[in-house]
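The entries follow in the order in which I looked them up.

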Amino acid sequence: MMMLVTGGMGYVGQFLLRELAQQKRSVRCVIRSSTTNEKLRQLEQWGMEWVEGDLLDRGVRRRALEGVRTVVHLAHIRYGAALLVDMPSEVERVVLMSSLWRFSRVPSAAVDEVVESEHAIEGSDKPWVLLRPSMIYGPGNDRNISRLRTHLRRWRWIPIFGSGYAVHQPVYVEDVVGATIAAVDQSDIEHRSYALAGGKELTYRDLLHALGDSIGVSPLIVPLPARSLAYIIGVLREWGVRLPVDSEQIMRLQENKRYDIADARRDLGFNPSCFREGLQRLADWESDDL
Ligand SMILES: NC(=O)c1ccc[n+]([C@@H]2O[C@H](COP(=O)([O-])OP(=O)(O)OC[C@H]3O[C@@H](n4cnc5c(N)ncnc54)[C@H](OP(=O)(O)O)[C@@H]3O)[C@@H](O)[C@H]2O)c1
């Protein structure tokens, strides 16, 4: 039974494909021309097929969907509705990865796009399941926690926007992968959406302390005034000054990110690690890799 995976060359995709290879599933990926030879060799070793092209291209979507029974869509949710339109009736399950970001109240065109994309999917009668992860972290360059880790190792002090008492619920990448495969396999869950977040929420300060403990650093946390900096950065942007953070990101860090994962626990057997456990799994992974 062939499974199509989009976005398989991305961060989550690499962990998903590894797991699917271990489970000896038949997989076809959509890859873009920029995919490295190293990644193509890995697909070959795992016995996986691929279709090269962009998901914006209907011909590519149709070729990719030919003969598949299940789909995991990890590339941006904006392509989800088009994929559903082109989907043959033989497809039994389409798992689409969106983001808990969609519940942010900070005005943002990017969040609006996610919300609109989800609405388009929810209006489809195809057998879709939506997964909404929180911030994902894990081995390698997760572009989230890995950046903080690198910063703490180097500087041992860290500026934060605001008090740092807003709560977060980051999720370990292998927990997301497990839930994704369960969402493919589990019967009778069509047209449902699931939040995928870590086992327990923690404040941003606690997150930094846990991260520090995992690398033997006691971080010095330096709070900065969030609102005034967001305003100044917004004005600088309007003047064309580009900075590594934008005001939306700063304001989003002030939001409490506490999520109810009961539905995923019940239907997908989702039993995610809390942050300290996730960091331990990350350390174990890295030591196995040496
Ligand atoms: N990482 C997180 O913290 C997080 C949190 C919540 C939700 N999510 C969502 O979870 C999903 C997976 O996340 P991720 O971190 O693994 O994403 P990622 O690393 O950015 O990977 C995205 C993948 O999608 C592919 N892609 C993008 N546009 C495409 C197009 N037009 N045609 C074909 N392929 C395309 C990319 O291809 P190339 O390799 O060629 O660029 C890449 O392989 C995403 O939908 C993301 O929005 C992620």
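**Helix packing.** I began with helix H1 (residues 11-22) and helix H7 (residues 173-185), which pack at an angle of about 60° with their axes 9 Å apart. That angle makes H1 oblique to H7. I used the convention that under 35 degrees is roughly parallel, over 145 roughly antiparallel, 65 to 115 roughly perpendicular, and the rest oblique. Axes here are lines fitted to C-alpha atoms, for helices over the stretch in contact, with angles from 0 to 180 degrees between N-to-C directions. Helices (H or I, at least four residues) and strands (E, at least two) are DSSP runs numbered from the N terminus. H1 passes H7 in a right-handed crossing; a crossing is right-handed if the near helix is turned clockwise from the far one by less than a right angle, and left-handed if anticlockwise.

I then turned to helix H8 (residues 204-215) and helix H12 (residues 275-289), whose axes come within 10 Å and cross at roughly 30°. H8 is therefore roughly parallel to H12. The crossing of H8 and H12 is right-handed.

**Basis of the entries.** I note that this is a predicted model, in which local features need pLDDT of at least 70 and side-chain atom pairs count only at pLDDT 80 or more, while totals for chains, interfaces and linings use all residues. Residues are numbered from 1 along each chain as its sequence is written, and side-chain values use heavy atoms, with hydrogens and water left out.

**Salt bridges.** I found that the structure holds 20 salt bridges, a salt bridge being a side-chain nitrogen of Lys or Arg within 4 Å of a carboxyl oxygen of Asp or Glu.

One of them joins the side chains of Glu-49 and Arg-28 at 2.9 Å, N to O. The pair links distant parts of the chain, with Glu-49 in strand S3 (residues 49-52) and Arg-28 in strand S2 (residues 27-31), 21 residues apart. I asked whether each partner is buried or exposed, where buried means under 20% relative accessible area, exposed over 50%, and partly exposed in between (1.4 Å probe, protein chains only). Glu-49 is partly exposed at 36%, whereas Arg-28 is buried at 11%.

I next looked up Glu-113 and Arg-78, whose side chains meet in a salt bridge of 2.9 Å, N to O. Glu-113 lies in helix H5 (residues 109-122) and Arg-78 in the loop between strand S4 (70-73) and helix H4 (80-85), so the pair ties together parts 35 residues apart in sequence. Glu-113 is partly exposed, with 28% relative accessibility, and Arg-78 is partly exposed, with 40%.

A further bridge joins the side chains of Arg-258 and Glu-201 at 3.0 Å, N to O. Arg-258 lies in the loop between helix H10 (247-253) and helix H11 (262-268), and Glu-201 in the loop between strand S11 (192-196) and strand S12 (202-203), so this pair ties together parts 57 residues apart in sequence. I recorded Glu-201 as partly exposed, at 32%.

I also noted a network of salt bridges that links Arg-102, Glu-118, Glu-122 and Arg-132.

**Contacts of loop residues.** I located Gly-8 in the loop between strand S1 (3-6) and H1. Gly-8 is buried, at 0% relative accessibility. The C-alpha atoms of Gly-8 and Ala-75 are separated by 7.8 Å, though the two are 67 residues apart along the chain.

His-76 lies in the loop between S4 and H4 and is partly exposed, at 28%. From His-76 to Met-97 I read 7.7 Å, C-alpha to C-alpha, across 21 residues of sequence.

**Positive phi.** Which residues other than glycine have a positive phi? I noted Lys-24, with phi near 55°, and Arg-156, with phi of about 65°. Lys-24 lies in the loop between H1 and S2 and is exposed, at 75%. Arg-156 lies in the loop between helix H6 (145-155) and strand S8 (157-161) and is partly exposed, at 48%.

**Surface.** Last, I looked up a nonpolar surface patch of about 390 Å², made by Trp-155, Trp-157, Leu-220 and Val-222. Patches are made of residues with over 30% relative accessible area and no salt bridge, with nonpolar side chains (Val, Leu, Ile, Met, Phe, Trp, Tyr) joined within 5 Å and like charges within 9 Å. Accessible areas come from the Shrake-Rupley method with a 1.4 Å probe; for residues, only the protein chains shown count as cover. Leu-220 is found in strand S13 (residues 220-224) and is exposed, at 54%.
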